[in-house]
Amino acid sequence: MKSQWDCVLQNLGEWHGSFTRVSPQGELMEDIKSVIYLEGVNDNQAIHLVLRRYYPTPGSDELKPQDLVLDFSSPGVGSRYFETGAFCEGPVYFGSRTPFGAEFSFIGGDSLPVVEEQQHCRTGDASARPTANPVLPEQGSPNRRFGATRRSLVGQYTGDRRMRLIQQFDSSNSQLYRLTLVREQRAGTNAPERPTLVLEDLLGEWEGIAVTLYLDSRPPVTTSTTLKLARTSQNECVQHLFWGEEETQHTMTIAADSKGSRLDFDHESLAYQVLLLPDGASSTCPTQIKPGHPFFLEVGWLFQPGLRQRMIRAYNDQGKWSSLTFVNEHRIS
């Protein structure tokens, strides 16, 4: 079983890609080229990070590099890691009138070994693991991640692509105001980007294994999952989610102005939306967070046809981060 820090180290290397600003409606607004260097120092006891982004220069075709430099030797308190190097980072508490958001990061590739079992990364005494009541589907600093246990799907591997997504909410009204999609490939590889996700990619029945880590003293919980998504009309889908012994159902409306790339539904008295994005990514979150209501943030990645990963970050009705769940699933029909 890997430690959290060993899981962090899965991200070492040089990654080339871009930061794409996405509107709350899923429109691609701006794309900034980037290179991130993650170098282990002191025998990998610490990491030196340099994020270089290339910004347009007014009146010129030249791009001006700007660097962000960080050094760290442990995961952040609001982060957890998986053995693949996947992670989620964000605030421990949600509060109105304060900046809020979360980053989700996945590592994948075209060649993944199938193994009997993959275990979750250990967490220390003072940190978190997640439970959520999940649904379908930047601030980039890499101090986060956590692990998963599953059978007969995805094993340990070194992936050549990363997909990261940051969901950000306005501090004045807690409305979703921006997404940032980060698409990266490891330097020296030609790992291809996945196509833009479409609804047809998700229809059908999916089986998976979910590992939930909690912030309190509860041990991690491993659960089998089944997700069924069916299109029942031109503008409606129905999702059935079997989470262990629990079953939930949501009816989703396909937004008329989205060409099938945005779905809306209600959950726990909040309005949620699902955005289907480039590189096989999906974003699920409330359109506005309201104090006193539990809520969750979710990001999915179809990293190969029929193979998908999701992470769900759940907050309770007091605004405290309660759990984080990592799901590995494959389509069976």
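Are Phe-295 and Tyr-315 buried or exposed? Phe-295 is buried, as is Tyr-315. Buried stands for a relative accessible area under 20%, exposed for over 50%, and partly exposed for values in between (1.4 Å probe, protein chains only).

The model is predicted: local features need pLDDT of at least 70, side-chain atom pairs count only at pLDDT 80 or more, and totals for chains, interfaces and linings use all residues. Residues are numbered from 1 along each chain as its sequence is written, and side-chain values use heavy atoms, with hydrogens and water left out.

**View 1. Phe-100 and Tyr-315 form an edge-to-face pair.** The whole structure holds 13 aromatic pairs. In this one, the ring centres are 5.4 Å apart and the planes meet at 75°. Rings of Phe, Tyr and Trp (its six-membered ring) pair if their centres lie within 6.5 Å; planes under 30 degrees apart are stacked, over 60 edge-to-face, the rest tilted. Phe-100 is buried at 5% relative accessible area. Tyr-315 is buried at 3%.

**View 2. Phe-295 and Tyr-315 are stacked.** Their centres lie 4.9 Å apart, with 5° between the planes. Phe-295 belongs to strand 17 (residues 295-304) and Tyr-315 to strand 18 (residues 307-315), so the pair ties together parts 20 residues apart in sequence. Strands (E, at least two residues) are DSSP runs numbered from the N terminus.

**View 3. Ring pairs build a cluster.** Phe-94, Phe-100, Phe-169, Phe-295 and Tyr-315 are linked in it.

**View 4. Arginines sit over rings.** Arg-53 lies over the face of Phe-19, 4.8 Å from the ring centre. The charged end of Arg-313 is over the ring of Trp-321, 3.7 Å from its centre. The criterion is NZ of Lys or CZ of Arg within 6 Å of the ring centre and within 35 degrees of the ring normal.

Methods:
Helix = DSSP H or I, 4+ residues; strand = E, 2+ residues; numbered from the N terminus.
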